[in-house]
Amino acid sequence: MTDASQPPPAFSLRPLAAADADAAARLIRDSFGAIRPPLVPPPSALRETAATVVAHLASGGGEMGGGAVADASGCVVGVVLWGERDGGLYLGRLSVAPAFRRAGVARALIGAGERAAKAACLPRTHVGVRLLLDGNRRLFTGLGYGEVRLHRHEGFPEPTWVEMEKHVA
């Protein structure tokens, strides 16, 4: 978390590239692995590798190559992956390095996804958020996303995550 008395750390956005795959996969695993208490079932993001990020990029996924990174002095400090799904652009694996949290990185990455959806003439962006992650739900709600559908992981009798969407067209 950033110190409120200090200016937010500087970063810039750029398209996710294959050269970023290792750093992006590591940031995703570290971010999802640091969630406390650990999520049940464990997030599939914990299995992200450089190879799966490269495969995601190779599959297309929209403008800017299927994702974006926040870069600070040549280091990947934030990442989001996206791809066309169910008539919209699905944003996934949103991850921010601890030192850059609460500095606008997540909002900037989500905004990049929304711009990619508009450029691809897709009417909406959507995300999946675990019900236990109240902060993430508040972030998306604050950015204009609404909860549209509850889902449950296989083997769970009650909903475990919510789909949220925002119309961008």
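The lining of the largest pocket draws at least two residues from each of α1 (21-33), α2 (50-58), β3 (75-85), β4 (88-96), α3 (105-119), β5 (124-130) and α4 (134-142), where helices (H or I, at least four residues) and strands (E, at least two) are DSSP runs numbered from the N terminus. The model is predicted, so that local features need pLDDT of at least 70 and side-chain atom pairs count only at pLDDT 80 or more, whereas totals for chains, interfaces and linings use all residues. Residues are numbered from 1 along each chain as its sequence is written, and side-chain values use heavy atoms, with hydrogens and water left out.

Among these elements β4 gives the most to the lining, with seven residues. The 49 lining residues, of which Phe32, Leu94, Leu133, Asn136 and Phe140 are the closest to the pocket centre, comprise 25 nonpolar, 12 polar and 12 charged residues (Ala, Val, Leu, Ile, Met, Phe, Trp, Tyr, Cys and Pro count as nonpolar, Asp, Glu, Lys and Arg as charged, and the others, Gly among them, as polar).

A search of the whole structure finds zero disulfides, a disulfide being a pair of cysteine sulfur atoms within 2.5 Å. Cysteine 121 is exposed, at 68% relative accessible area, and cysteine 75 is partly exposed, at 46% (buried means under 20%, exposed over 50%, and partly exposed in between, with a 1.4 Å probe and protein chains only). Phenylalanine 140 is buried at 6%, as is tyrosine 145 at 3%.

Note on methods: On a 1 Å grid over the protein atoms alone, a cavity is a set of points where a 1.4 Å probe fits but cannot get out, and a pocket is an open set with protein on both sides within 12 Å along at least five of seven lines; lining residues have an atom within 4 Å of a point.
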